[in-house]
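The following exercises are to be worked with the sequence and the model at hand. Each task is followed by a solution in steps.

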Amino acid sequence: MSIQHFHHVAYRCKDAQETVDFYAGILGLKYTMAISEDRVPSTKEPDPYMHIFFDVGDGACLAFFELPTKPEMGRDPNTPGWVQHIALQVEDLGDLMSYKQRLEDAGLDVLGPTDHAIFKSIYFFDPNGHRVELACNTHTADQIKELEALAPMMLADWNRSKNTVRHTAHLHEKEFSSA
């Protein structure tokens with residue numbers, strides 16, 4: 001028994017058509033499916049909805065629900081805006097920069113590229129207010145091995161202190177020391 005990969009990750013959207021126009025039209029994701037029902041299949045609650053899906057590769061989908069009978073979408077006021085985001089991988093730095101230009105040409109504010117030492121990424125908001133990150137890997141196999149080896153110790157140290165643990169500080173130290 002094992003989990004293979006994401007089947008889908010679902011978020012709420014303000015408008016299904018606007019969301020399709022953005023994710024298919026601007027980002028180029030394949031719009032693959034829509035499901036609309038009057039009743040929630042899992043809870044049987046009566047609630048009309050539109051559920052749309054986009055192919056993000058490897059059989060996984062990014063999905064959205066438009067819920068016209070519910071109050072307007074909001075954000076968790078206790079969670080910083082940079083925490084909750086949708087991160088999608090692109091092939092390389094050339095693709096990342098092409099997307100940056102494409103998004104800016106469409107009138108979006110784009111932050112980055114940000115160098116995370118093991119990947120580079122750009123950030124922007126979709127029409128629903130969800131923060132989206134496009135990332136391209138720049139890591140080596142040795143870097144990933146090191147991070148995997150440090151992960152258990154880092155979590156144990158975090159659990160003891162609930163304060164920053166510095167085992168991987170080298171990933172951003174150069175960036176912060178020059179600021």
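## Exercise 1: A residue of strand β2

Setting aside neighbours within four places in sequence, S36 makes contact with Y49 and M50. The model used here and in the exercises below is a predicted one.

Task. State in which strand S36 is found, and how far S36 is from K120 in sequence and in space.

Solution. 
1. S36 is found in strand β2, which covers residues 30-39.
2. Along the sequence, S36 and K120 are 84 residues apart.
3. In space, their C-alpha atoms are 37 Å apart.

## Exercise 2: The overall fold

Task. Determine how many helices and strands the protein has, and in which pattern they follow along the sequence.

Solution. 
1. The protein has four helices and eight strands.
2. Read along the sequence, these elements give the pattern β-α-β-β-β-β-α-β-β-β-α-α.
3. A box of roughly 50 × 40 × 35 Å, taken along the principal axes, is filled by the C-alpha atoms.
4. Of the 179 residues in the protein, 30% are buried.
5. Consider the contacts between residues at least 6 apart in sequence: 49% of them join residues at least 24 apart.

## Exercise 3: The packing of α1 and α2

Solution. 
1. Helix α1 comprises residues 16-26 and helix α2 residues 93-105.
2. The two helices pack at an angle of about 140°, and their axes are 12 Å apart.

## Exercise 4: A lysine in α2

Task. Decide whether K100 is buried or exposed, and list what K100 is in contact with beyond its neighbours within four places in sequence.

Solution. 
1. K100 is found in helix α2.
2. The cut-off for a buried residue is under 20% relative accessible area. K100 has 13% relative accessibility and therefore counts as buried.
3. Beyond its neighbours within four places in sequence, K100 is in contact with V110, G112, P113 and I122.

## Exercise 5: Strand β6

Task. Describe the peptide bond from G112 to P113, and then the surroundings of T114.

Solution. 
1. P113 lies in strand β6, and T114 has its place in this strand, residues 111-115.
2. The bond from G112 to P113 is cis, with omega near 20°. As a rule, most peptide bonds are trans.
3. T114 has 22% relative accessibility and so counts as partly exposed.
4. Leaving out neighbours within four places in sequence, T114 is in contact with F119, K120, S121 and Y123.
5. A135 is 21 residues from T114 along the chain, and their C-alpha atoms are separated by 9.2 Å.

## Exercise 6: Positive phi in two loops

Task. Give the phi of K44 and of D58, and place each residue in its loop.

Solution. 
1. As background, most residues other than glycine have a negative phi.
2. K44 is not a glycine, yet has a positive phi of about 70°. K44 lies in the loop between β2 and β3.
3. D58 likewise has a positive phi, near 55°. D58 is found in the loop between β3 and β4.
4. Exposed means over 50% relative accessible area. K44, at 53% relative accessibility, therefore counts as exposed, and D58, at 71%, counts as exposed.

## Exercise 7: The largest pocket

Task. Find which strand gives the most to the lining of the largest pocket, and state how many residues line this pocket.

Solution. 
1. The largest pocket holds about 510 Å³ of space.
2. Its lining is made up of 20 residues, of which V56, G57, A87, L88 and Q89 lie nearest the centre.
3. At least two lining residues come from each of β1 (8-13), β3 (46-57), β4 (60-66) and β5 (85-89).
4. The strand that gives the most is β5, with five residues.
5. By class, the lining has 15 nonpolar, four polar and one charged residues.

Note on methods:
Residues are numbered from 1 along each chain as its sequence is written. This is a predicted model: local features need pLDDT of at least 70, side-chain atom pairs count only at pLDDT 80 or more; totals for chains, interfaces and linings use all residues. Side-chain values use heavy atoms; hydrogens and water are left out. Axes are lines fitted to C-alpha atoms, for helices over the stretch in contact, and angles run from 0 to 180 degrees between N-to-C directions. On a 1 Å grid over the protein atoms alone, a cavity is a set of points where a 1.4 Å probe fits but cannot get out, and a pocket is an open set with protein on both sides within 12 Å along at least five of seven lines; lining residues have an atom within 4 Å of a point. Grid points are joined across faces, edges and corners, and a volume is the space filled by probe spheres set on the points. Ala, Val, Leu, Ile, Met, Phe, Trp, Tyr, Cys and Pro count as nonpolar, Asp, Glu, Lys and Arg as charged, and the others, Gly among them, as polar. Buried means under 20% relative accessible area, exposed over 50%, partly exposed in between (1.4 Å probe, protein chains only). Contact means heavy atoms within 4.5 Å.
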